[in-house]
Amino acid sequence: MKTNNLKSLDGGTINSAINENVNDSTRVMNQVDNNIEKTEMRTEDMQPDKNGNDKNGQTAETQVLTPGNNHMEKGEAEYHFPTVEELLRRERKDILSLRRLPYTDIDYATYNWSVTQGCLKLSPGCRHCYAEVIAGNQSKRSDTRRFKDGFKPGFNEGLLYTPLHDTRKGIVFVSPLGDFGHADITDEQRRAAIEVIQADKTKVFLILTKRPETLVRLFENIPVPSNCLLGVSVESEAYLSRMDTLRKIASDNLVVSFAPLLGGMKDINFDRFVWVLIEGEATRPMDNARMVRTEWIQSIIEQAESAPIPPAIYVKQLGNNVDGVVKSKAQHGYLVKGVSYRQYPQVIRTILKNTDEELEKMNMQQKKDKEMKKERSTTKKTTTAGTGAEALSHVIPLSKVVKEGAKKGKVNNLYGTWVVEGEVTVIAGDTNAGKSSVTYQMGLDAASGKNPLGFPAPTKPVVDEVVYIDTELSITQLGQRFGDITISDRMKYIDATA
C-alpha cells in the first residue's frame with residue numbers, strides 16, 4: 001500500500017470548505033478520511049520511548065507513516081458513515097443548538113461536548129462525583145435549561161452537531177458531566193454521536209466510561225473512528241477488569257483513567273492502551289478527599305514505562321490529600337517526585353500535528369482565556385442589568401449585586417451627584433443652548449482637574465483619558481470655537497462628522 005504523510009492534510013482548507021460550501025466540505029472530509037485511513041500508524045511503530053524515539057530510533061518528526069489497522073480500514077469501508085452534508089441535513093431546526101464547543105477545565109483536553117449528561121453512582125470512585133455537584137448547583141438556577149431533572153441521564157440533541165459547526169481543532173472530552181455508556185442512553189443516540197466524531201477529523205474525541213460493556217456492544221455494529229479514543233475509569237485494583245472488557249473492542253486507541261486513584265495496583269496489562277491518565281481526588285471541602293499515596297502513582301508510572309509498548313502518561317493532579325497531607329490541589333500540583341508527566345499519545349499528535357509541549361500550551365492557554373472570559377462576564381453581570389433579551393440572560397439576585405458592588409469601594413463623582421462614573425448622563429436642551437460647550441468643558445475638567453464651570457468637581461484628574469466624539473463640528477469649527485482654551489493631552493478627539 002502506498003503511504004502518504006499526514007502533513008499533506010491542510011486543516012485550514014478543511015475549515016474554509018466547511019464555512020464556504022457544505023458540498024465542498026463533504027468532498028474535503030471524504031478525502032481526509034481516505035488519507036487518514038491509508039496513513040494511520042500502528043501503535044507499536046509510532047509510540048515513542050522516554051527520549052521521544054520509536055523502536056527504530058526515529059523521532060516523531062522524522063517518522064514515515066505506515067498503514068493502519070486492517071480491521072479499521074475494512075470496517076470503515078463496510079459501514080456507511082454519513083458525510084458532513086448528510087449529517088447537517090438531519091439537524092432539527094426546532095431545537096436551539098450551539099455553534100461552538102465550550103472550553104473545558106480538564107487539563108488534558110481542549111473542549112467539552114456534553115452530548116449526553118447525567119449518571120448514577122456505580123462504584124467507590126463515584127462517591128464525590130464532581131459532575132453531580134455541578135448538576136445540583138445548576139438545577140437550582142432559575143434560568144437553567146439543562147439539569148432541570150437533576151443528574152438524571154439524558155441525551156442533548158441540541159448539542160449533537162455542534163462539533164461540525166465549530167471548525168477549531170483540539171481534544172474534545174465527550175460527556176464530561178455524565179457517562180456516555182449509561183444504560184439510559186440508547187445505542188441509537190450513541191451511534192449518532194459516533195457518526196459526528198467520524199465526520200469531524202479536525203478534532204480528537206475522548207470517551208471515558210465506567211461501563212465498558214456498553215461500548216463493546218455498540219462497536220459490534222459500527223467501527224471505531226480513527227480520531228476517537230475509548231477509555232475506562234479505574235479507581236482501584238478491584239476494577240482493573242474494566243480494561244479487559246474494553247480490550248474486546250477492535251481499536252488500538254484505548255485509554256485508562258486512574259481517577260480518582262484510591263489504591264495501589266499490581267500487574268496492570270497495558271496491551272493496546274495508548275494513554276494513561278492519573279489523578280488523586282479533589283473535593284469541596286478538601287478535607288473530604290480520600291488519600292492517594294505517591295507510591296501508588298509511581299508504581300503505575302513504572303509499570304506503564306516497562307510495558308512492551310509504553311503508553312503516554314499524563315498526571316493531571318495529585319489531589320487534595322497526598323500521603324495524608326491535606327491542602328489545595330494547586331499547592332500539591334501534578335509533579336511526581338519533582339517530575340512532570342504530561343504526555344499525549346501519538347494518535348493525537350499525528351491528527352492535530354502538535355508536539356506534547358504545543359498541545360499542553362494550547363490547552364493551558366485556552367483555560368486562561370476561559371477564566372478571563374468568565375471574569376469579564378461576572379463584571380458585566382454585576383455592573384449592568386442590560387435590556388431586552390440581554391437582561392433576561394443576566395438576571396441575578398439583587399442582594400448579590402449589592403454585595404459585589406459594596407466590595408468595589410466608592411464611585412467617582414465627576415460633578416457632585418450630577419455626573420457619576422459608570423453612568424451615562426444625557427444633557428438635553430434647545431438648539432444653541434450651549435450643550436456642546438458645556439459637555440466639552442466638562443471633558444476638559446475631568447482630564448485636567450480644573451473646575452471653571454463652578455459645579456462640585458474633583459480638584460485633580462480622575463481619569464486617564466477623555467474621548468470626545470463630535471458628530472457635528474468639524475476640526476475647523478472646533479478650532480475657531482475653542483482655540484483660546486488650554487487643553488490637556490488627556491483629551492482625545494474622534495471626528496465622527498461623516
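**Definitions at work in a predicted model**

Q: Where is Lys 353 found?
A: Lys 353 is found in the loop between helix H13 (346-352) and helix H14 (356-383). Helices are DSSP runs of H or I with at least four residues, strands are runs of E with at least two, and both are numbered from the N terminus. This is a predicted model, in which local features need pLDDT of at least 70 and side-chain atom pairs pLDDT 80 or more, while totals for chains, interfaces and linings use all residues. Residues are numbered from 1 along each chain as its sequence is written, and side-chain values use heavy atoms, without hydrogens or water.

Q: Why is Lys 353 called partly exposed?
A: Its relative accessible area is 38%. Buried means under 20%, exposed over 50%, and partly exposed in between (1.4 Å probe, protein chains only). Lys 353 therefore counts as partly exposed. Its phi is near 60°, a positive value in a residue other than glycine.

Q: What makes Asp 267 exposed?
A: Asp 267 has a relative accessible area of 74%, so it counts as exposed. Asp 267 lies in the loop between S7 and S8. Its phi is positive too, at about 55°, although Asp 267 is not a glycine.

Q: Which peptide bond involving Pro 260 is cis?
A: The bond that joins Ala 259 and Pro 260, with omega about -10°. Pro 260 sits in the loop between strand S7 (254-258) and S8. A cis bond also runs from Arg 284 to Pro 285, where omega is near -5°. Pro 285 is in the loop between S8 and helix H11 (294-305).

Q: What makes the pair Arg 290 and Glu 281 a salt bridge?
A: The term asks for a side-chain nitrogen of Lys or Arg within 4 Å of a carboxyl oxygen of Asp or Glu. Arg 290 and Glu 281 meet at 2.7 Å, N to O. Arg 290 counts as buried because its relative accessibility is 15%. Glu 281 is buried as well, at 5%. Elsewhere, salt bridges that share partners join Asp 107, Arg 342 and Glu 360 into one network.

Q: How far apart are the closest N and O atoms of Glu 279 and Lys 316?
A: They are 3.7 Å apart, and the pair forms a salt bridge. Glu 279 is in strand S8 (residues 273-279) and Lys 316 in strand S9 (residues 312-317), 37 residues apart, linking distant parts of the chain. Both Glu 279 and Lys 316 are buried. The whole structure holds 18 salt bridges.

Q: Which residues touch the most other members of the largest nonpolar core?
A: Trp 113, Leu 230, Met 243, Phe 258, Phe 270 and Ile 278 do, in a core of 60 residues. Such a core is a set of buried Ala, Val, Leu, Ile, Met, Phe, Trp, Tyr and Cys residues joined through side-chain atoms within 4.5 Å. A second, separate core has 22 residues, including Ile 171 and Tyr 314.

Q: How many residues does helix H8 have, and how far does it reach?
A: H8 (residues 187-199) has 13 residues and reaches 18 Å from its first C-alpha to its last. The expected span is 1.5 Å times one less than the number of residues. For H8 the expected value is 18 Å, and the model comes close to it. Among its buried residues are Arg 190, Ile 194 and Gln 198.
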